[in-house]
Amino acid sequence: EGLREVEGIGWEKFIPSFHQLPLSFRKCVPFFLASVVYHLPTLEEWFPGDHDIWSIPMFSMFGSQTMQMLKGLRDKILVKQQFCADCHMTASGIPSKIDYLMHVQALRQELKNDMEVTITRVNRVLPENADEHGERVP
């Protein structure tokens, strides 16, 4: 829905000369724009109202209504894993990264548990089949 709104406004309003950009880069622009709009509250914290960043077309195209419109678009951004097959870029947000980190952490714990079970089983079997030195798995 938000993407249709942006297309209705026109990409060139957000990025001058948009249509002169290489096609592969134009396909990345929705990800870039979504990231900027999604992080708009952070940008407002970082940059004072008179900073040059706020004079670029994206932030001034509708005058005083621009920020309200961008914040409306922000509510329509889906934060999930996205991949562009043409430019091979992946768009991800912190929630996706946290999901992956939690998954990796769970896999590590599962692997550790499996290793402990395996070592316990091997140690039970080894005394019966110990070599001449009587060595066991630690």
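Contact here means heavy atoms within 4.5 Å, a cut-off that will come up in several of the views below.

**View 1. The whole chain, a predicted model.** Residues 24 or more positions apart make up 41% of the chain's contacts with a separation of 6 or more. This is a predicted model, in which local features need pLDDT of at least 70 and side-chain atom pairs count only at pLDDT 80 or more, while totals for chains, interfaces and linings use all residues. Residues are numbered from 1 along each chain as its sequence is written, and side-chain values use heavy atoms, with hydrogens and water left out. You will find 8 helices and 2 strands, taken as DSSP runs (helices H or I, at least four residues; strands E, at least two) and numbered from the N terminus. Their order along the sequence is α-α-α-α-α-α-α-β-β-α. Of the 138 residues, 20% count as buried, meaning under 20% relative accessible area, with exposed over 50% and partly exposed in between (1.4 Å probe, protein chains only). The accessible surface of the chain (Shrake-Rupley method, 1.4 Å probe) is about 10300 Å², and carbon and sulfur atoms hold 58% of that area.

**View 2. The largest nonpolar core.** A nonpolar core is a set of buried Ala, Val, Leu, Ile, Met, Phe, Trp, Tyr and Cys residues joined through side-chain atoms within 4.5 Å. The largest one has 17 residues, and F14, L33, L40, F59, L70 and L73 have the most contacts inside it. Helices α2 (11–14), α4 (29–38), α5 (40–46), α6 (57–60) and α7 each give two or more residues to this core. The largest share, 4 residues, comes from α7.

**View 3. F59 and its partners.** Apart from neighbours within four places in sequence, F59 is in contact with V36, L40, L43, I53, W54, T66, M67 and L70.

**View 4. T66 in helix α7.** T66 belongs to helix α7, which covers residues 66–74. With a relative accessible area of 0%, T66 is buried. Setting aside neighbours within four places in sequence, T66 is in contact with M58, F59, S60 and M61.

**View 5. The salt bridge of E44 and K71.** The structure holds 1 salt bridge, defined as a side-chain nitrogen of Lys or Arg within 4 Å of a carboxyl oxygen of Asp or Glu. Here the side chains of E44 and K71 meet at 3.2 Å, N to O. This pair links distant parts of the chain, with E44 in helix α5 and K71 in helix α7, 27 residues apart. E44 is partly exposed, at 33% relative accessible area, and K71 is partly exposed too, at 37%.
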